[in-house]
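Please look at the sequence and the three-dimensional structure shown below before reading on. The report then takes up a few places in the fold, one after another.

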Amino acid sequence: METGSSSDSRDKQKTLKGSDIDSMMPQIGPFVPRTEHNPRELRSWAKKTGFVSDFSGETTTDVSGKFDSAGLDVQRSHEHSRGGGSSPKIEIDPVLGRTKPNRGSEIELDAEAGHGVRRNGNAGVLGFREGIVRGENERRRVRDEAVLEDKVDERLNGSGPSGNGNGVPVPSVNSVEPKKEEGKDERDVQIDMYPGGEETADGGWHRQPELRFGLRDNRGWVPVIYYGLQHFLSLAGSLIFIPLIIVPAMGGTDKDTATVISTMLLVTGVTTTLQSYFGTRLPLVQGSSFVYLAPALVIINAREYRNLSEHKFRHIMRELQGAIIVGSIFQSILGFTGLMSLFLRLINPVVVAPTVAAIGLAFFSYGFPQAGSCVEISIPQILLVLIFALYLRGISVFGHHLFRIYAVPLSVMIIWAYAFFLTAGGAYNYKGCSPDIPSSNILSDACIKHAYTMKHCRTDVSNAWRTAAWVRIPYPLQWGIPIFHLRTSLIMIIVSLVASVDSVGTYHTASLLVNSKPPTPRIVSRGIGMEGFCSILAGLWGSGTGSSTLTENVHTISITKVASRRAVQLGAVFMIVFSFVVVMSLVSIDWITSDLGFDTFGKVGAILASIPQALAASILCFMWALIVAIGLSNLQYTQSASFRNIMIVGASLFLGLSIPAYFQQYHPETSLILPSYFVPFAAASNGPVHTGSKQLDFAINALMSMNMVVTLLVAFILDNTVPGSRQERGVYIWSRAEDLASDPSLQADYSLPRKVCRCFCRARRLGA
């Protein structure tokens, strides 16, 4: 009896415990399927369960079959007992761009959770089940992250829906920004995979709605003419100011300056037309790039040219022509043979960014030291162009942002007029001093003090526009037969590599700005080869520098929102016309009758040659700063917060400035002969390298004294030897040849004109 009563009491206690547990557990009702579903409820369910959208836009709904209804009820009961059913806060993985739960809310499964059943009774049962549920949640989170990583890897390897088959996605993930929309909280994250536009189902790209003129748009002659002139006017600072630096340094006269400007305008028009038809076919202006300015100054300031008095300008120009032609032939071979396609694998934004920035930083010793010779002109010029470009950039006049687009030409015209009134008002008139007398012929000590000011500040110093012919067409070899030397040829060969790296970054950025996919490596090689051919033409005509894709094209397309190939081609035609035809309203009828002879050069070049040197130097300060900014903007394609990247960029820029300074200190006597702003470019003849060959010594000392060459060398070595993932390095994304064949829009953007293709096909047939 006692035994039976004791067993009955145990059964009764078990029954009571079971009833207590059942009373604590929520009641599960019968499942009734619903015929109507509210999307808001589904979204709320997704947020509560922590499910997020992956890159393809599909919701991850992989639910483990180990979860039974009781387990889910226990989890729900536990959430309600904590006072809320919301899921943990979602964070963004900065590497893969996916969402992940907050680490602070992760709880590992307690190994001793099972023992709590014996110690704590009912609470132990709940604790055991809670541990199981949390463990399952942890395993599910790890599994979901693995699925997302696999999808990201598929896209990076080209097997995903947006891969290009080369191991890189099209396009790259630039930023991951959470966007808060109506009906969404901070856990609903939108990932913008294509910041420049949306990818269509067939792999094409939609044009940005704010782009006024697309790549292949043609809306009539009037808009095309207007936007073509606008495109070239916005690049005026890069097209006309280089001759104002190199020609006086070469000992040239005002007539020579005007001739070089006219030649440069002609070469710009011809090379831009060739590149738009036979090169990359992007709306990019070809012209005398600042890449070639530093080597030109190094050759100009060589020791053997300092004491030349007779025909100094022509001799140095012929030397530059020979060096440019040899370097351009190397660049053409690099492009047309396809070697550039192999070289592209080693060129990434971490290499391009510091290299382009070093091109602008190389002239810090020339900028304001030259502009400071006339501060009453240079300081207002710098302030005005900054006000137009920055403070007034948002002001629209008749639907056009005139101050942002025409910041350089507007500010130059205003300050030029201001300088003209200063000159006419007698601000630079000194008793007994004439601005027409060269400083070397001035005998009075009082006038010698003011000769420098008169030369850099007056607007009537140049007499080129008074003796200029109305029409003069620049022609090849107008300065004579080019001179070829090994030392200068080696310099220009290396500089052509720097120009190619600069152009690669411009091609990639410009292709995204015009909302097209990046070109294929073969098209990039074709563009580089065409740049080499254009530089050969520049060398034959004698513009003083090689022809390259202007880095400022990126800024121009961005601010004008015009990416029309037809507009650029028509603007190039106007450049050709302006190179030898004058706007007749700019001079009076008296000079027309006296200048109808056949001497010298075009009036447009003559008028531009009369710009004061201080004004030209001050506007160049803005242009070089713009190049530095555009160069560093290439880091947007990389993980800019990566220590690897910022260290490579920092080391490249610092060594790119410091190592040339070491080579530039070996010229104590040049500081007494040359102006201070030309001293850094005179290290080639006095550098520390002595190999026994004067030609080789000159080339090595010259190359190591140029900031952009050293910066490219350091960045190239570090970026290709320091380990880093493709996402971290921001490897440039190029299209495949298969994409060009399958995508009609991509083919229309980059393929050669039909008539040209027919000519090549006929030539192949005849050759076969």
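## A glutamine in a loop

A polar contact is a pair of N or O atoms within 3.5 Å, and within protein one of the two must be able to donate a hydrogen and the other to accept it. The model discussed here is a predicted one. In this model, the side chain of glutamine 478 reaches the backbone oxygen of tryptophan 541 at 2.8 Å, and a polar contact of 2.9 Å joins the side chain of glutamine 478 to that of threonine 263.

Glutamine 478 belongs to the loop that runs between helix 19 (464–467) and helix 20 (486–513). Because its relative accessibility is 6%, and buried means under 20%, glutamine 478 counts as buried. When residues up to four places away in sequence are left out, glutamine 478 touches Thr259, Thr263, Arg314, Arg472, Trp541 and Gly542.

## Cysteines and the disulfide

A disulfide is a covalent bond between the sulfur atoms of two cysteines. The count for this model comes to one disulfide, which is formed by cysteine 374 and cysteine 457, with their sulfur atoms 2.3 Å apart. Cysteine 374 lies in the loop between helix 14 (367–371) and helix 15, whereas cysteine 457 lies in helix 18 (residues 445–457), so the pair ties together parts that are 83 residues apart in sequence. Both cysteine 374 and cysteine 457 are buried.

## Where two helices cross

Helix 15 (residues 375–391) and helix 26 (residues 613–632) have axes that come within 9 Å of each other and cross at roughly 35°, and this crossing is right-handed. On the side of helix 15, the contact is made by Ile377, Ser378, Gln381, Ile382, Val385, Leu386 and Ala389, and on the side of helix 26 by Ala614, Leu615, Ser618, Ile619 and Phe622. Sorted by class, the residues in this contact are nine nonpolar and three polar, with no charged residues.

## The buried residues of helix 29

Which residues of helix 29 (residues 694–704) are buried? They are Asp697, Phe698, Ala699, Asn701, Ala702 and Leu703. Among the elements that cover these buried residues of helix 29 are helix 10 (293–300), helix 20, helix 27 (643–663) and helix 30 (707–721).

Key:
Residues numbered from 1 in each chain as written. Predicted model: local features only at pLDDT ≥ 70, side-chain atom pairs only at ≥ 80, totals over all residues. Heavy atoms only, no water. Axes fitted to C-alpha atoms, helices over the stretch in contact; angles between N-to-C directions. Helix = DSSP H or I, 4+ residues; strand = E, 2+ residues; numbered from the N terminus. Left-handed = near helix turned anticlockwise from the far one by under 90°. Contact = heavy atoms within 4.5 Å. Nonpolar A, V, L, I, M, F, W, Y, C, P; charged D, E, K, R; others polar. Buried < 20%, exposed > 50% of the residue type's maximum accessible area, 1.4 Å probe, protein only. Disulfide = S-S within 2.5 Å.
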